[in-house]
Amino acid sequence: MSTHRSYRIGVPALLAASLLAGCATSTVPDYRPRLPGGAVGYSDLQLSPNLYRISFSGSTASTRDDVERYLLRRAAEVTLASGYTHFVLSDRDTERDSYFYNNYLDGPSSYYYPYRSWYWDYPYGGWQTITYSAYSYVRVLPAEKAIRCPEAIEALSLLQRLQPPVPVASAAAP
């Protein structure tokens with residue numbers, strides 16, 4: 001009887017804990033620093049006092065628009081963290097990578113048709129994943145220089161407009 005009672009108490013508690021854990025996850029799961037050897041997230045490299053190379057790679061859940069928005073978000077954060085107010089993007093590019101997977105480890109195509117590449121079977125028993133990555137050179141500018149540069153983007157106002165919202169106070173902290 002006590003075993004049955006512990007299941008009645010334990011199962012709902014476990015279910016509630018798993019639901020709370022699901023709510024605690026980030027609303028932007030891909031927006032994070034890219035770990036060494038990792039494939040998802042942002043990285044930035046300071047090339048000179050006011051020039052950075054920023055890149056962002058998304059997961060299979062990220063759209064092209066997401067990746068480009070995250071790149072802009074990171075550029076704005078780097079601008080504010082370095083003590084500047086505006087930035088200009090140059091040599092910006094977004095790349096699409098497709099990967100094809102086959103359901104057969106040693107299936108009919110590799111046995112009967114050894115000259116065929118494994119990705120040819122995609123429509124017949126595999127799947128495709130698509131990821132996007134974007135990069136840009138970012139020149140950070142003070143407000144007085146940004147006035148003379150029509151393509152300059154104000155970092156703080158951009159962060160306020162991007163979705164999901166970013167805590168602006170923490171992004172502006174040096």
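Predicted model: local features only at pLDDT ≥ 70, side-chain atom pairs only at ≥ 80, totals over all residues.
**View 1. Salt bridges in the structure.** The structure holds six salt bridges. Side chains of opposite charge can pair when their charged atoms come close. The views below show some of these pairs.

**View 2. Asp-44 pairs with Arg-74.** The closest N and O atoms of this salt bridge are 2.8 Å apart. Asp-44 sits in strand E1 (residues 41–48), while Arg-74 sits in helix H2 (residues 64–81), so the bridge ties together parts that are 30 residues apart in sequence. Asp-44 has a relative accessibility of 33%, so Asp-44 counts as partly exposed. Arg-74 is buried, with a relative accessible area of 15%. The cut-off for buried is under 20%.

**View 3. Arg-74 also pairs with Glu-77.** Here the closest N and O atoms are 3.1 Å apart. Both residues lie in helix H2. They are three residues apart, about one turn of the helix. Arg-74 and Glu-77 are both buried.

**View 4. A network of four residues: Asp-44, Arg-73, Arg-74 and Glu-77.** Salt bridges link these residues in a network.

View 5. Arg-69 has a relative accessible area of 21%, so Arg-69 counts as partly exposed.

Notes
Residues numbered from 1 in each chain as written. Heavy atoms only, no water. Salt bridge = Lys/Arg side-chain N within 4 Å of Asp/Glu carboxyl O. Helix = DSSP H or I, 4+ residues; strand = E, 2+ residues; numbered from the N terminus. Buried < 20%, exposed > 50% of the residue type's maximum accessible area, 1.4 Å probe, protein only.
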